[in-house]
Amino acid sequence: MAKTKRRLRPDVVLKNYWRDNGRFADLFNAVLFGGKQEIRAEELEDVDTENSGVTEHREYAEGMAAARDNIKVRKLSGAHGMELVLLGNEGQEHIHYAMPMRIMGYDYGSYKKQYDSNAIKYRKKTGMSEDEYLSRMKKEDKFIPVITIVIYYGEKPWDGAISLHGMLKIPAGLNKYVNDYRVLLIEARKHDLVFQNTDNIDLFKLLGFFLDGNISKKEAREKAIAYSREHETDKSVIMTVAGVANSGIEESFFTKGGGTGMYAAFEEVWQEGEKKGIEKGIEKGIEKGKAEEIVESGFEFQLSEEDIMERLQRKLSLSVQEATQYFQQFKPS
C-alpha cells in the first residue's frame with residue numbers, strides 16, 4: 001500500500017507553533033531583551049478570546065487576530081496597576097519591499113480599533129471638555145502599545161527596507177523631519193538571537209540548515225537528521241520545519257510518538273523537496289484550499305474586500321487577477 005502523505009501548510013504550522021505561550025514569550029525576550037526572561041509565558045493571553053479583558057467588543061479582538069498571524073496580550077500587575085502590551089508576530093516566506101508600510105498599517109489598525117472602541121463611550125458631552133468631546137478621547141485616556149515582530153523564512157538574504165525611511169527618497173537636509181517607522185525583522189536563515197526555549201533553539205537551528213544556500217540539500221538533510229537525533233527534537237518542531245519547507249511527510253510520522261523513526265521524516269521532506277516537478281494539479285489544489293480559507297475567514301471577521309484581496313496576494317503570492325478569481329469563487333453568495 002502506498003504511504004499516505006500529508007502536506008503541511010506553512011502558514012498553519014507556523015501559527016500553531018507560535019500559539020504556545022512559552023515559545024512566543026521566548027521569541028520576544030530574544031528580540032527585545034537579548035534573551036533575558038522579561039516576558040513570562042503565564043503573563044500572556046490570546047487576544048482572540050471574548051474574555052481577554054483587553055477590549056469592550058469582541059469584533060475588535062477578532063479583527064486584530066484576522067490581520068496578524070499571532071497576537072497576544074501581555075498582562076503584568078505592577079505598582080501602577082495592570083500594565084498591558086499587545087505582541088504580534090508575522091511570518092513571511094518572500095521578500096516584501098513594502099514591509100515597513102505593511103507593518104505600520106497593521107499597527108495603526110490596532111491603535112485605530114482601540115480608539116474606536118474607546119470613543120463609543122463618549123457619544124455625549126457630559127463630563128467632557130470641548131476638546132475632549134471633539135477628540136472623542138479624554139486627556140487621561142491611554143491605549144495599549146503594540147509591538148510586531150516579522151520572521152522571514154526565505155532562502156534569499158533579505159534585501160528589502162526595514163524602516164519607512166528605506167522606502168523613501170528624502171531630499172537632503174529633511175531626513176530628521178520625516179517620521180520613520182522601523183520593522184523588527186528576523187531572518188530565520190541567519191540571526192544572532194539568544195533563545196532559552198529548547199524548541200525555539202531547535203527550530204532555528206534546523207531552519208538554518210535548510211535555508212543555507214551554501215550547502216547542498218543532501219548535506220543539509222544529513223546535518224538536520226544528526227542534530228535532531230542528538231538533541232531528541234520534539235515532533236512539533238520537525239513538523240513545523242517540514243511545513244516551512246513545504247514538503248510532504250508520511251502520515252505515520254504523526255502517530256509514531258518519536259524515536260529514530262521521527263528523524264526519517266527529514267528524508268521524506270527532502271525527497272519531496274527535490275522533486276521540483278511535483279504535479280501542478282496538486283500544487284494548484286493546495287493553493288485553492290488556502291485561498292478558500294482566507295476568503296471565508298475574511299468574511300467571518302468582517303474584513304473589507306480590499307483587505308481580503310491583499311491577504312490573498314500576500315499569503316499566496318498571487319497576481320491581482322488570480323486573487324480576484326479566488327475572491328469571486330469563494331465569497332458568500
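A salt bridge here is a side-chain nitrogen of Lys or Arg within 4 Å of a carboxyl oxygen of Asp or Glu. By that rule, this predicted model has 12 salt bridges. Let's visit a few.

Select lysine 72 and aspartate 46. Their closest N and O atoms sit 2.5 Å apart, forming a salt bridge. Aspartate 46 is partly exposed, at 27%.

**Stop two: out to the surface.** Now pick lysine 36 and glutamate 38. They form a salt bridge too, with 3.3 Å between the closest N and O atoms. Lysine 36 counts as exposed because its relative accessibility is 55%, and the cut-off for that label is over 50%.

**Stop three: arginine 189 and glutamate 187.** Zoom in on these side chains and you'll find a salt bridge at 3.5 Å, N to O. Arginine 189 comes out as partly exposed, with 26% relative accessibility. Glutamate 187 has 18% relative accessible area, so it counts as buried, the limit being under 20%.

**Last stop: a network.** Which residues do salt bridges with shared partners join into one network? Select Glu90, Arg102, Glu310, Arg314 and Lys315 together, and you have it on screen.

Methods: Residues numbered from 1 in each chain as written. Predicted model: local features only at pLDDT ≥ 70, side-chain atom pairs only at ≥ 80, totals over all residues. Heavy atoms only, no water. Buried < 20%, exposed > 50% of the residue type's maximum accessible area, 1.4 Å probe, protein only.
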